[in-house]
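Subject: Structure for your review

Dear colleague,

Please find below the structure that I was asked to pass on to you. My notes on what was found in it follow directly after.

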Amino acid sequence: MRDGGARNLLVSIIEADEATRMQLEQFCCSLKYRFQSFSSMEPCQAALTRRNSPRSNDQALVSSADVEDSPPNPLPDSRSVQLVLLGACFLPQVPQEWSAADIFVVLVGSAEELD
């Protein structure tokens with residue numbers, strides 16, 4: 001997914017712990033994934049709602065490290081994959097609509113948080 005596939009991956013990070021959130025951001029940057037990062041659920045929900053609306057233009061996404069070899073804001077299409085890296089404390093807040101919108105969620109956290 002390094003070349004064309006990375007342009008179709010849209011990552012949202014929701015993590016309350018700043019150090020963990022920064023590590024996830026660095027991970028996305030190193031893989032040249034476009035991402036947006038949040039410390040709470042509400043702003044992310046709003047951004048994903050805007051992103052999935054018919055009039056979305058994908059301008060709110062952060063281009064990781066301003067990757068020069070990819071188009072600045074590729075438009076979403078049927079091949080776009082939306083991935084949420086979700087802090088464990090936010091699991092009870094995941095909206096059911098995300099499943100219908102094909103938004104994939106990966107739970108992140110320390111071993112204690114995931115027990």
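A residue is called buried when its relative accessible area is under 20%, exposed when that area is over 50%, and partly exposed in between. Please note also that this is a predicted model.

Overall architecture

The protein has five helices and four strands. Read from the N terminus, these elements follow the order α-β-α-β-α-β-α-β-α. Of the 115 residues in the protein, 36% are buried.

Helix α3 and P43

Helix α3 covers residues 41–52, and P43 is part of this helix. Is P43 buried, exposed or partly exposed? Its relative accessible area is 36%, so P43 counts as partly exposed. P43 and I14 are 29 residues apart along the chain, and 9.4 Å separates their C-alpha atoms.

Strand β4

L107 is partly exposed, because its relative accessibility is 37%. V108, by contrast, has a relative accessible area of 14% and is therefore buried. The C-alpha atoms of V108 and V84 lie 9.8 Å apart in space, while 24 residues separate the two in sequence.

Surface patches

L107 also takes part in a nonpolar patch on the surface, together with L91 and L114. The accessible area of these three residues together is about 250 Å².

Which residues gather in a patch of negative charge on the surface? They are D17, E18, E112, E113 and D115. Within this group, E112 is located in helix α5, which spans residues 111–114. E112 has a relative accessibility of 64% and so counts as exposed.

Cysteines

How many disulfides does the count come to? The count is zero. A disulfide is a covalent bond between the sulfur atoms of two cysteines. To be counted here, a pair of cysteine sulfur atoms must be within 2.5 Å. The closest cysteine sulfur to that of C28 belongs to C29, and it is 7.1 Å away, which is too far for a bond. C28 is buried, because its relative accessible area is 1%. C89, on the other hand, has a relative accessible area of 46% and is therefore partly exposed.

Backbone angles

Most residues other than glycine have a negative phi. Against that background, two residues deserve a remark.

- K32 is not a glycine, yet its phi is positive, near 60°. K32 sits in the loop between α2 (18–30) and β2 (34–38). With a relative accessible area of 41%, K32 is partly exposed.
- D102 is likewise not a glycine, and its phi is positive at about 55°. D102 lies in the loop between α4 (97–100) and β4 (103–108). D102 counts as exposed, because its relative accessibility is 53%.

Yours sincerely,
A colleague

Key
Residues numbered from 1 in each chain as written. Predicted model: local features only at pLDDT ≥ 70, side-chain atom pairs only at ≥ 80, totals over all residues. Heavy atoms only, no water. Patch = residues over 30% accessible without salt bridge, like charges linked within 9 Å, V, L, I, M, F, W, Y side chains within 5 Å. Areas by Shrake-Rupley, 256 points an atom, 1.4 Å probe, with all protein chains shown as cover. Salt bridge = Lys/Arg side-chain N within 4 Å of Asp/Glu carboxyl O. Lys, Arg positive; Asp, Glu negative; His and termini not counted. Charge placed at Lys NZ, Arg CZ, Asp CG, Glu CD. Helix = DSSP H or I, 4+ residues; strand = E, 2+ residues; numbered from the N terminus. Buried < 20%, exposed > 50% of the residue type's maximum accessible area, 1.4 Å probe, protein only.
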